[in-house]
Amino acid sequence: MSERWTVALRTFGRRSLAGQFLAFQLVVVVVVLGAVGVVSVAQSTNEFRDVRGTRMLATAENLASTPIVRDRYTDPVAAQVLAPEVDRAVALSGAELAEILGPGGSVRASSDPSRVGATMSLGAAETGRAWFGDADIDGVRSLVAQVPILGSDGQVRAIVSVSEAYPSWWDLLGGAGERLLLYLGLGAALGMLASWLLSRRIKRHTRGLEIAEIAGLADHREALLHSIREGVVAV
């Protein structure tokens, strides 16, 4: 690996001064655009988390307050009885998954029937508080909102969970708006054009001389100035 880097550096060093400057400028442009993209993704993720989390928490609270859910969550056939309710919650919130969990996290009813009987991690809801945050569901990072269903004694009897997987980076960039992608592309084009023009200007002002040639001229001038006294005496 080190030999490859050595060869690459030697190849880069053999390029013209203008070419090296252009390459460095292009690297700077790429780094800046990458940073802008990362910041945009982070902002979109935070916005998704805040907006969607609040909406899913409201949906979970509404589902937890539904009379049939409070009355039948312990029913042996809760998966069938509560199926219409969890499906309705998904349709209203736009989430991917709505479930009724036992105090230990066991899924009693779900909008995805294949998850009935599975176990889900619990957050602050198992302590009796509603919350929303991040969790892994079947290995997928998801935004989860959970609301406890409390018994008359104040103990947690069941938990309503509404979740949605985080969108991909590309979806987040798209969610930031088509204008952002347009601005990134326009910025890249302008940055590359400006780098090319600047490299041409440097090449013109240095009269096409490369680094080694400029250094040679400087050494020659310094040697000439140091030896001028001997030359004057000799003359």
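Which strands does helix α5 lie across? Select residues 83-93 to display this helix in the predicted model. Helix α5 lies across β1, β2 and β5 (156-165), and runs at about 140° to β1.

Next, show the whole protein chain. Nine helices and five strands make up its elements. Read from the N terminus, their order is α-α-α-α-α-β-β-β-β-β-α-α-α-α. The chain has 235 residues, of which 33% count as buried.

Now select the strands. They form an open sheet of five strands in the order β2-β1-β5-β4-β3, with antiparallel pairing. At the edges are β2 (107-110) and β3 (131-137), each of which pairs on one side only. On average, neighbouring strands of this sheet are turned by 30° against each other, direction ignored. In general, the strands of a sheet pair through backbone hydrogen bonds, either parallel or antiparallel.

For a detail of the sheet, select residues 97-101, which form β1. Strand β1 pairs with β2 in the antiparallel sense over three bridges. Here I100 stands opposite A109 in β2.

Finally, select T66, located in the loop between α2 (17-64) and α3 (67-72). Is T66 buried or exposed? T66 is buried because its relative accessible area of 17% is under the 20% cut-off.

Methods: Residues are numbered from 1 along each chain as its sequence is written. This is a predicted model: local features need pLDDT of at least 70, side-chain atom pairs count only at pLDDT 80 or more; totals for chains, interfaces and linings use all residues. Side-chain values use heavy atoms; hydrogens and water are left out. Helices (H or I, at least four residues) and strands (E, at least two) are DSSP runs, numbered from the N terminus. Buried means under 20% relative accessible area, exposed over 50%, partly exposed in between (1.4 Å probe, protein chains only). Two strands pair if DSSP finds at least two bridges between them. Axes are lines fitted to C-alpha atoms, for helices over the stretch in contact, and angles run from 0 to 180 degrees between N-to-C directions. Contact means heavy atoms within 4.5 Å.
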